[in-house]
Structure formats: structure tokens, C-alpha cells
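Let's take a walk through a protein model together, from the whole chain down to a few single residues. Have your viewer ready.

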Amino acid sequence: MRDGYRILDADRHVIEPLDLWKVHLEPELRAHAPYLAYAGEGEPLADRVAYAGPEGLVPLPPRPMIDGRPLHHRMSARAWRAVASAGRRRSAWLARLGPLELPQAHIADMDREGIDVAFLYPTIALMLLGTAPLDPALAGALARAYNTWLRGFCDHEPRRLRGVALMSPHDPAQMVPELARAAALGFRAVVLRPNPVAGRTLGDPAYEAFWAECERRSIAVAIHEGAHASLPTAGGDRFHSRFALHACSHPMEQMMALLALIEGGVLERHPGLRVAFLEAGCGWLPYWLWRLDEIEYRSLAEEVAPHVRREPSVYFRRQCFVEIEPDEPHLEHGIPWLGEGNAIFGTDFPHIDHDAGMVERALALRGRLPGEALRKILWDNAARFYGIEE
């Protein structure tokens, strides 16, 4: 608790040790475990050096790979250098917490920030499932191994560290069995990437059994994008720089994910399903819902009438949530329009997109938001989404 507010970090990330897949993958698949690799000796020196320091030329950090392919699709040497530089600048305050592969580091940071409970999302595992082509059986095994490891990670402090199980849409037939296994392990939420897989959007009939089981079990579903996927990604057909790909992927993929769930009838058929859209802010949402209501639904409702029976904004306000960025402009207007019960807060710790002090910046919204809106954002709404009982 901080300044009288209970705080629930709805979007926090683990940094997975790569050996978790060597330990938890089925023995016959361990040869496909991800690994780290440096740039090759034959590449230009500029593509292998991060910076020149007193100790001489410092190499770029190794990149995560799987079966000879980098997990960061279209990540240029210059972009990787910028990412490494940003990580180095943050290393001083992160080093005080201890190795980020350990749950104790998260607890130390949560204590410092005043965070009561955090829900943990993948980093490398999310990139793994953004790889294409990827054998469906291997994709499912990678997710299972991660979920098994995450259960043990959270067991260090299960009251405060809550895991979010990773689901693989590469093999729709295996999603319900893994959902059942995740529920048996104690997970109350799952995460999916928004990108199409094998031409299937999230509204594809192949996932219908999965959505029905999530609703039946009251399992929350989080949609979380990650840039540089080799799956189809917004902007990937026309841009090559991280600057452009990162800018497009998060908000635009979330826009299309929400559209897929509405247009595909998922939210109509499953009114008890709870879905959150993470790490893209909420500024895209008022415009997108206005457009879907006033431009598309008003003139084309008959086309989708069998499975879209309400204005799109009704579905969102009824059963969806969105993660805000505390520094976004116009939150004082956007949140009341969306509904005070639909916004949640997350730190994205420890990714380089967000610095320390996220909680402080969120608390600074007290003067901008009306009534009990901030209290709802910091705890109540996310507790309802994740199914935390008072």
C-alpha cells in the first residue's frame, strides 16, 4: 500500500532463465530449447560492438535464438545497440534488486514502489510464440514448460506474485487441455499474443472451445503484444526500423485484436468472458470505439448481425479492460468516457520502455481524475479482472 492506496500491478514481466526450457521441455524436444548467441565473427565490427569503454570495445549482448533464428525479427544491429544502451543505463538501479531471474528481486522492487500484488507476464516466452514458422507441437511444449517454471517462481511468495499462464494458438486443439492444466496449477489468468497464426485471428472458429472454457472456468484473458515478431504484425509489411515496428505493433495489434473478438462474435457468444488489452495505453480506444460504433456499425450492422448484436462499445464496457499509461494525455477525459471500471494499471517492470517511478506517476493522477477513479484503476478494476476475492 502507498499513500492510502492498495496497488495491483496488472502487467509485470519476468526475465526467464533460458535453461528453464532445457529443464522443463520434454526430453525429445530439448534440442529445440532457446539459447543465446553473439553476432558472428564474420560480421562487420560495427555490428558486433555495443560501445567503446575504458576497457576497450564492448561487444553487443547475445541475442536469444531458437533453431538458428533470432527471436527479435528485423532487429538491426543499430537497434540492438540502442536497446543494449538503454538497458545499460538502467542497470544501476536494477542491480540493487538482485538478479531479475529471482522472485526476490521482484519483491524488493514491489516493496520499494508500494505494490501489494503483481501479475507476472513472460518476456522471452512471449517472443518464442511470436516466431513463425513454428512447429505447433513445439510451440505448445514451449508454453507448457514456461507455465511449469512460472508456477515454481510464484511459489516463493504466492500471495503477492501471481502468474499468468501462456497459451499457444499455434495448435488450437491443445489450448483447452493446457488451460485445464494451468487452472490445476492455480493460474487464474492466461495471456495470448494478438497476432494472426496460420491465418487465424482471435475470432477464428478454431478457438471457440478455448473461449468457452475460459468463460466456464472464469479465467481472465490478457492480450499482450511484443514487437519484432515474425508472425504477421502491424507495420511489418512496410517498415524495417525498431522505431516504426515498435510504434505500430502495440496499439495497432490491440485495435485489431479487439475488432477480431467483436467481429468474430466471441464477446457476443461469451458475455462472461473477461479480456484485457495490455501495454498499449488507452488513447487508441476512444477513437476506435467511436469509429466502430458510429462509422462501421451504424452503416454495416446488417452484415455482421448474426454475431454482433450490440454496438462495439457496449461489448468493451461490459467485459473488457485496458491498461493505461500514467503519462498519457487526456486521461481525465478518456477514462470517464470509457468507463471508470474498465481501466487498470501496470508497471511493465523491468522492460526498458518504462522507467522506475511508475507508481509515483500513477499517484500523480489524483488531481486529474474524478472521484474514486484512481482507486479503481490502482486496485478495484484489476482485482475484478483477475478474479481476486476481497
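What follows moves from the overall chain to some individual residues and their backbone geometry.

A word on the ground rules: this is a predicted model, in which local features need pLDDT of at least 70, side-chain atom pairs count only at pLDDT 80 or more, and totals for chains, interfaces and linings use all residues. Residues are numbered from 1 along each chain as its sequence is written, and side-chain values use heavy atoms, with hydrogens and water left out.

Let's begin with the whole chain. The protein chain has 14 helices and 14 strands, taken as DSSP runs numbered from the N terminus (helices are H or I with at least four residues, strands are E with at least two). Its radius of gyration is 21 Å, which agrees with the value near 21 Å for a compact globule of 390 residues; that is taken over C-alpha atoms, and the globule rule is 2.2 Å times the number of residues to the power 0.38. Along the principal axes, the C-alpha atoms fill a box of roughly 65 × 45 × 40 Å. Of the 390 residues, 55% count as buried (buried is under 20% relative accessible area, exposed over 50%, partly exposed in between, with a 1.4 Å probe and protein chains only). Among contacts (heavy atoms within 4.5 Å) with a separation of 6 or more, 74% join residues 24 or more positions apart.

Now zoom in on His170, in the loop between strand E9 (165–166) and helix H6 (175–184). His170 counts as buried because its relative accessibility is 9%. A polar atom of its side chain lies 3.0 Å from the backbone oxygen of Leu129. Beyond four places in sequence, the contacts of His170 include Thr131, Pro136, Val197 and Leu231.

Ala343 sits in strand E14 (residues 343–345) and is buried, with a relative accessible area of 3%. Ala343 and Glu323 are 20 residues apart in sequence, and their C-alpha atoms are 5.8 Å apart.

Finally, look at the backbone. Most residues other than glycine have a negative phi, and most peptide bonds are trans. Yet a cis peptide bond joins Ala132 and Pro133, with omega about -5°, and Pro133 lies in the loop between helix H4 (124–128) and helix H5 (136–154). The bond from Phe349 to Pro350 is also cis, with omega near 0°. Asp348, in the loop between E14 and H13, has a positive phi near 65° and is buried at 0% relative accessibility. Asp67 has a positive phi of about 50° and is partly exposed at 38%.

Methods
A polar contact is a pair of N or O atoms within 3.5 Å; within protein, one must be able to donate a hydrogen and the other to accept it, and residues adjacent in sequence count only if both atoms are side-chain atoms.
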